[in-house]
Amino acid sequence: MRRRILPLHWRFTIGFIVIFSISTGCLYMYISHVLKEQTNATIRGDMKKLQSFAYDHIQQDALVRQGSRENEQERITRLLYGISRSTGHPAAYYDKEGRFAGETRVTQGGSVILDPLQSASGNFSLEADIALSAQNKSVVTRVRDGDEYLIMLTIPFYSGERYEGSFRLASDYSSRYMHNRAILKSLAGFAALLFVVVTMFTYILSRRMTRPLIALSHAMRGLGEGNQENAVLPAGRSDEAGLLAASFKQMKRQIEEQMEHLEAERNRVVALEQSKRRFYQHITHELKTPLTSISGYAQIIGKPNFDDPVFLERAAVKIKTESDRLHSMVAQVLELARREDEGQRQAASAPVDLHEQLQACCDDLEMKAARYKMLLRCDSQLLTVSGQSEELRKVWVNLLDNAIKYGVAGTDIQIKAFRSAEFAVVQVMNERDTDKDADELLVFEPFYRAHGTDRSDTGSIGLGLAICRAIVESHGGTIVYRQEGRHVIVQAELPLWT
């Protein structure tokens, strides 16, 4: 059963929702943390100031009332009133046993009244705070009563060196906490609204972005199934989808061109296979011709009472010529077969001075070229290639010999050697007397012979270029043949010596 795949625009939208939710949650927690830290810092600063005001009032009262004979209750009442007036905060007093002694409140008009009853918030964490106060420690405690947020400051009260009790001052921070809650609530509401708006926008945008991708997907599927003509691609877009569509069209054209190229290559391979079959036909024909000639002359001179010295001399010359031709042909065929059997295997290589070798080959064939009033012009850079000197010499001699055989009398043969990247390039160019192109693939096939020459001494059986290709490829190089108008160029590339 094929698994259902979630559409791309839905995956994109869901991914955005997850990222947005995590980011918003982190932002909410960060702002909540910042507000909390700011509130705590404000409370700490306020409590320090409140503690300082309370102690200042107690010390001033002690100095003013020094030697007074008032009782303890009157003193505590006077201190409660004084602390509330000086700080503006409610204050309560607890003796050293933790018993409630009285509490002052600040009215909305700013007056201070004494309430003999303890407020409900005063009992929150009372025992723990009083216990710490008895150890000469000031204690700050948060109290929440419904929507009210109170901060209770408990400070110890000493008379001389004797602990007498504790004062508890209350500060109302409800407005501060409510303000923080309002900020977080507004942030949550804004984030929710933004989430809805951006999610809708993301969905619409992702749909618009993925629609051409879906079209391209269908086009690719059609291309794979051979129905590419029915593919509808997005047009008139200047964004990435439009560029992708244009790239797809270009790829489609390239594939069609490649298919045409592969078809052409297939036809060439078929032609090569046919040339392989022709090889055996040609070799049979080439061997049969000299053998028939030799056999014919042998039968004539072998007849009884044969006595024709002139014919005998001519027969001897013909038999020698055909024997030499047969020997040369067999030797070349055996050499070509040996090279094909060896494949890419190559004996140990050595540095070969290409410039010196090309000059020497030109000198050796200079007299043959002069016979047809042809000049060998060598323009070679100082290059050293990796290979076997005698094998490479066969290549250059073969190429120059072919250029002389099939070139136009009275023309020049150009030999160039230069460096290209990590290879040495050798070009041999001659002029032909015909514009008819030879098959650039078949010229390297055995027994392929070019036409268009009227020389009587070519002596070619069509194996020279085949042997050249085998030698060059065994050296890790390549050799190609091309025609430019009436000029024929054979180019070989060999790796440089490193």
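1. Of the contacts in the protein with a separation of 6 or more, 64% are between residues 24 or more positions apart. The model is predicted. Its secondary structure consists of ten helices and 13 strands. Of the 498 residues in the protein, 36% are buried.

2. β1 pairs with β2 (residues 100–106) in the antiparallel sense over four bridges, and Tyr94 stands opposite Phe100 in β2. Four residues separate the two strands in this hairpin, and Gly98 in the turn has a positive phi of about 85 degrees. β2 also runs antiparallel to β3 (residues 112–115), joined to β3 by four bridges. Here Glu103 stands opposite Asp115 in β3. The hairpin of β2 and β3 has five residues between the strands, and its turn includes Gly110, with a positive phi of about 100 degrees.

3. Which residues of helix α3 are buried? In α3 (residues 126–134) they are Leu126, Asp129, Ile130 and Ser133. These residues lie on the same side of α3, because they cover an arc of only 100 degrees around the axis. Just after α3, Asn136 has a positive phi of about 65 degrees.

4. A polar atom of the Thr199 side chain lies 2.5 Å from the backbone oxygen of Phe195. With neighbours within four places in sequence left aside, Thr199 is in contact with Thr13, Phe16, Ile17 and Leu194.

5. A separate point concerns the five-stranded sheet. This sheet is open, with mixed pairing and the strand order β8-β10-β11-β13-β12. β8 (375–380) and β12 (478–484) stand at the edges; each has a single partner strand, so one side of each is left without a neighbour in the sheet. Neighbouring strands of this sheet are turned by 15 degrees against each other on average, direction ignored.

6. Within this sheet, β10 (residues 412–420) and β11 (residues 423–431) form an antiparallel pair over seven bridges. Phe418 stands opposite Val425 in β11.

7. Which helices lie across strands of the sheet? Helix α9 (residues 389–406) lies across β10, β11, β12 and β13 (487–495), and α9 runs at about 20 degrees to β11. Helix α10 (residues 464–474) lies across β12 and β13, and runs at about 135 degrees to β12.

Key. Residues numbered from 1 in each chain as written. Predicted model: local features only at pLDDT ≥ 70, side-chain atom pairs only at ≥ 80, totals over all residues. Heavy atoms only, no water. Buried < 20%, exposed > 50% of the residue type's maximum accessible area, 1.4 Å probe, protein only. Arc of directions from axis to C-beta. Polar contact = N/O pair within 3.5 Å; in protein donor to acceptor, adjacent residues only side chain to side chain. Contact = heavy atoms within 4.5 Å. Pairing = 2+ DSSP bridges. Axes fitted to C-alpha atoms, helices over the stretch in contact; angles between N-to-C directions.
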